[in-house]
Amino acid sequence: MSIPKNLTVQQLKDRFEGAKTVVHEYGGLSTDTVNFKLNPETWSCVEVCQHLIRFNDMYYNQMEKALNELTTVPVNGSSFSPGFVARKVAEYLEPPYKFGIKTIKPMFPSQVDLNPADTFNQLIQFQDKLIELLSRAEKEKWNLDRIKGNHPLIKFIKISYTDFFLFIDAHQRRHFWQIEQILKRLPE
């Protein structure tokens with residue numbers, strides 16, 4: 001998927017609705033299937049989804065913090081433009097990717113609670129939180145380009161809400177593609 005220079009709230013909502021559909025499909029798979037690993041060093045479908053939950057929570061917390069720190073929310077936005085660097089990062093994350101990116105330890109999946117149903121429900125609930133936030137932005141006519149917060153990992157970099165949504169979406173699609181590759185290689 002190419003990264004557009006302009007996005008609307010509806011396009012972003014559609015992306016997260018699509019993610020819900022994908023995660024619902026994972027929920028319909030057997031426990032053995034979603035816990036299958038290609039080898040001991042790789043993650044299962046459930047573990048990939050837990051990684052997404054951790055990553056998404058980290059980004060969402062920064063988004064909430066940025067919004068709470070505003071005295072007034074910038075308005076009058078209908079179409080939003082991800083920054084050049086954000087578009088390049090999102091393009092880099094696009095599946096099919098050619099090489100992996102090392103995950104930092106706090107983003108590793110939990111090895112304690114690998115309940116598939118809970119994991120998939122949490123990931124679906126996260127999509128709902130994003131959709132609700134976008135619905136609020138649409139209703140109140142927020143300018144997503146002008147609401148900025150610190151990047152969760154590189155704190156001295158400020159990114160727009162548009163960029164936050166773009167990063168979350170691209171990262172999720174990257175890992176959904178990873179899960180597809182695992183599922184294609186299931187033993188008969």
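What follows is a conversation about helices, cores, aromatic rings and charged pairs in this predicted model.

Biologist: Next, cores. Which residues touch the most other members of the largest nonpolar core?
Modeller: The general idea is that in soluble globular proteins, nonpolar side chains tend to be buried together. Here the largest nonpolar core has 33 residues, and Tyr59, Leu133, Trp142, Leu144, Tyr161 and Phe165 touch the most other members. Helices α1, α3, α4, α5 and α6 each supply at least two residues of this core. Apart from it lies another core, of 16 residues, including Val23, Tyr26, Trp43 and Cys45.

Biologist: Now the rings. How many aromatic pairs does the structure hold?
Modeller: A pair of aromatic rings is described by the distance of the centres and the angle of the planes. The structure holds 10 aromatic pairs. In one of them, tyrosine 26 and phenylalanine 120 have ring centres 6.2 Å apart and planes at 50°, so the pair is tilted. Tyrosine 26 lies in helix α1 and phenylalanine 120 in helix α5, so the pair ties together parts that are 94 residues apart in sequence. Both tyrosine 26 and phenylalanine 120 are buried.

Biologist: And how are the rings of tyrosine 161 and phenylalanine 164 arranged?
Modeller: Tyrosine 161 and phenylalanine 164 form an edge-to-face pair, 6.2 Å centre to centre with 80° between the planes. Both lie in helix α6, 3 residues apart, about one turn of the helix. Tyrosine 161 is buried at 1% relative accessibility, and phenylalanine 164 is buried at 0%. The two belong to one aromatic cluster, along with Phe16, Phe55, Tyr59, Trp142, Phe165 and Phe167.

Biologist: What about a charge and a ring?
Modeller: Look at arginine 174: its charged end sits over the ring of tyrosine 92, 5.9 Å from the ring's centre.

Biologist: Let us finish with salt bridges. How many does the structure hold?
Modeller: Side chains of opposite charge can pair when their charged atoms come close. The structure holds 8 salt bridges. One of them joins lysine 13 and glutamate 138, with the closest N and O atoms 3.0 Å apart. Lysine 13 lies in helix α1 and glutamate 138 in helix α5, so the pair ties together parts that are 125 residues apart in sequence. Lysine 13 is buried, at 13% relative accessible area, whereas glutamate 138 is partly exposed, at 38%.

Biologist: Why might residues a few places apart in a helix point the same way?
Modeller: An α-helix has 3.6 residues a turn, so residues three or four places apart point the same way. Lysine 88 and glutamate 91 are 3 residues apart in helix α4, about one helical turn, and their side chains meet in a salt bridge at 3.3 Å, N to O. Arginine 173 and aspartate 169 are 4 residues apart in helix α6, and their salt bridge spans 3.1 Å, N to O. Arginine 173 counts as buried at 16% relative accessibility, and aspartate 169 is buried at 3%. Salt bridges that share partners join Arg15, Asp169 and Arg173 into one network.

How values were computed: Residues are numbered from 1 along each chain as its sequence is written. This is a predicted model: local features need pLDDT of at least 70, side-chain atom pairs count only at pLDDT 80 or more; totals for chains, interfaces and linings use all residues. Side-chain values use heavy atoms; hydrogens and water are left out. A nonpolar core is a set of buried Ala, Val, Leu, Ile, Met, Phe, Trp, Tyr and Cys residues joined through side-chain atoms within 4.5 Å. Buried means under 20% relative accessible area, exposed over 50%, partly exposed in between (1.4 Å probe, protein chains only). Rings of Phe, Tyr and Trp (its six-membered ring) pair if their centres lie within 6.5 Å; planes under 30 degrees apart count as stacked, over 60 as edge-to-face and the rest as tilted. A charge sits over a ring if NZ of Lys or CZ of Arg is within 6 Å of the ring centre and within 35 degrees of the ring normal. A salt bridge is a side-chain nitrogen of Lys or Arg within 4 Å of a carboxyl oxygen of Asp or Glu.
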